[in-house]
Every structure is written in structure tokens, then in C-alpha cells.
Amino acid sequence: MHQYKGKLIEHTGTMFSGKTSSLKNEIKRFNIAGYKTVAFKPSIDNRYKKNEIVTHDMTSIECILVDDIEQLMDYCNKLKPQVIAIDEVQFLGGSVERIISSINELLSRDITVVVAGLDMDFTGTAFEIVKELMPIADYLYKHHAVCVRCGSDAWVSHRKSQDQDRIKIGAEDEYEPLCRKCFLKAKEI
């Protein structure tokens, strides 16, 4: 696992595509290899359990809730991990510039950073932090769910309700994965 020392590993894609499962599996591998790991999730993510990152198929790992990048950095300075994981990175508080500079600082300290996050919101607009992390990632994985209407690779997490707030925490009750074609059809209705 030494080849991953001080590297940024990014998992992105739609909801229900396996991003969090991949993040959890990465952390499990680093734990098996004897690395000191710490997982984080933004406190806005109130689905499932409070101090756990939970996948949609209900497997989990312990985590620390943080409001923003400053809290995350404080924990890293105190706990001195070798590997950190950040789930739902698109919800992490702080400016894009501050998050990028903080992640670069962690990488320069040879801390491996694994992030998982949605690439786009329900309208098909990129989440800025996820977009900006892509070019600096050492390893970038784009995950696809299955379109619930036609079975193709999903492209976006379509919101079922008419709510227009950009951030609305939910799961199957609020969102469904759609391919581009089915998403454009759904927008016409």
C-alpha cells in the first residue's frame, strides 16, 4: 500500500453507484495494512447513523462528523492519521480554495486522502469541489448506478420531487439514478 502514500483517491458519480462502498473498502484495506485511518463525513449528512458512514446497502464504518474543512484539519492535526477518508465531500463546508489547499497540505505531509462525492447535483450541474479535485487526483474513479427507467448506466441523480433547493439530503425516497436520455425526458414532463 506504500504506493498510495500521500496520494489523492477520488470516487465520484451518481447516487447508488457504489462511491461510499468503494471508500469504505479502501479504508478497510488500509486498516488491514496497518495504517492509522480516520474517516470523516459532513455533519449535514443526517441519513442513517450519526457517527458512521453508511452505504445504501447498510454496511458502515465509524467516522467523525465535521462541519467544515477547518474542523477536519484540527482533527488531523490532533489525531495524526496516515490515511483519511471524506465521504460526501460535496457537502463539506469551506471555500473550494480552502478545501483544495488543505487537501494539498495533507498530501504534502504524505497523508493519503480518499474522497467520495457526487459529481453533479439533481440538475446536472457539477459540484464545484468534486470538479476541482478531479485534476489533482492521483486515482479517479467514476462510478455508475443503473438507470431505473431503461437499465443503462446512470448519469445523474434525478430528484423525484419538485423541490428546487440544491442541497436536499435523501436516498431512494428523494432520488433515482437516470441516464442522460431518461433524465432529459423526465425534465420535459
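Strand β6, helix α3 (residues 96–108) and strand β7 make a right-handed β-α-β unit. Right-handed means that, with the strands pointing away from the viewer, the path from the first strand over the helix to the second runs clockwise. Helices (H or I, at least four residues) and strands (E, at least two) are DSSP runs, numbered from the N terminus. The model is predicted: local features need pLDDT of at least 70, side-chain atom pairs count only at pLDDT 80 or more, and totals for chains, interfaces and linings use all residues. Residues are numbered from 1 along each chain as its sequence is written, and side-chain values use heavy atoms, with hydrogens and water left out.

Strand β6 spans residues 83–86 and is covered on both faces. V83 and A85 are buried on one side. I84 and I86 are buried on the other. Buried means under 20% relative accessible area, exposed means over 50%, and partly exposed lies in between (1.4 Å probe, protein chains only). In a regular strand the side chains alternate between the two faces of the sheet.

Strand β6 also has paired neighbours. Two strands pair if DSSP finds at least two bridges between them. Strand β2 (residues 37–42) pairs with β6 in the parallel sense, over four bridges. Here A39 has A85 of β6 as its bridge partner. Strand β7 (residues 112–118) runs parallel to β6, and four bridges join the two. In this pairing, T112 of β7 stands opposite V83.

Helix α5 covers residues 180–188 and includes R180. R180 is partly exposed, at 46% relative accessible area. R180 and V156 are 24 residues apart in sequence, yet their C-alpha atoms are 7.1 Å apart in space.

Which residues of α5 are buried? They are C182, F183 and A186. These residues lie on the same side of α5, because they cover an arc of only 105° around the axis. The arc is that of the directions from the helix axis to the C-beta atoms. An α-helix has 3.6 residues a turn, so residues three or four places apart point the same way. The buried residues of α5 pack against β9 (156–159) and β10 (175–178). Contact means heavy atoms within 4.5 Å. The face turned away from the buried side carries the exposed residues K181, K187 and E188.

How many salt bridges does the structure hold? It holds four. A salt bridge is a side-chain nitrogen of Lys or Arg within 4 Å of a carboxyl oxygen of Asp or Glu. Side chains of opposite charge can pair when their charged atoms come close.

One of the salt bridges joins R109 and E105, with the closest N and O atoms 2.7 Å apart. R109 is partly exposed at 36% relative accessibility. E105 is partly exposed too, with a relative accessible area of 33%.

Another links K142 to D119, where the closest N and O atoms are 2.4 Å apart. K142 lies in strand β8 (residues 139–143) and D119 in the loop between β7 and α4 (128–133), so this pair ties together parts that are 23 residues apart in sequence. K142 is partly exposed at 43%, whereas D119 is buried at 7%.

The side chains of E176 and R149 also meet in a salt bridge, at 2.7 Å from N to O. E176 belongs to strand β10 and R149 to the loop between β8 and β9, so the pair ties together parts that are 27 residues apart in sequence. E176 is buried, at 12% relative accessibility. R149 is partly exposed, at 45%.
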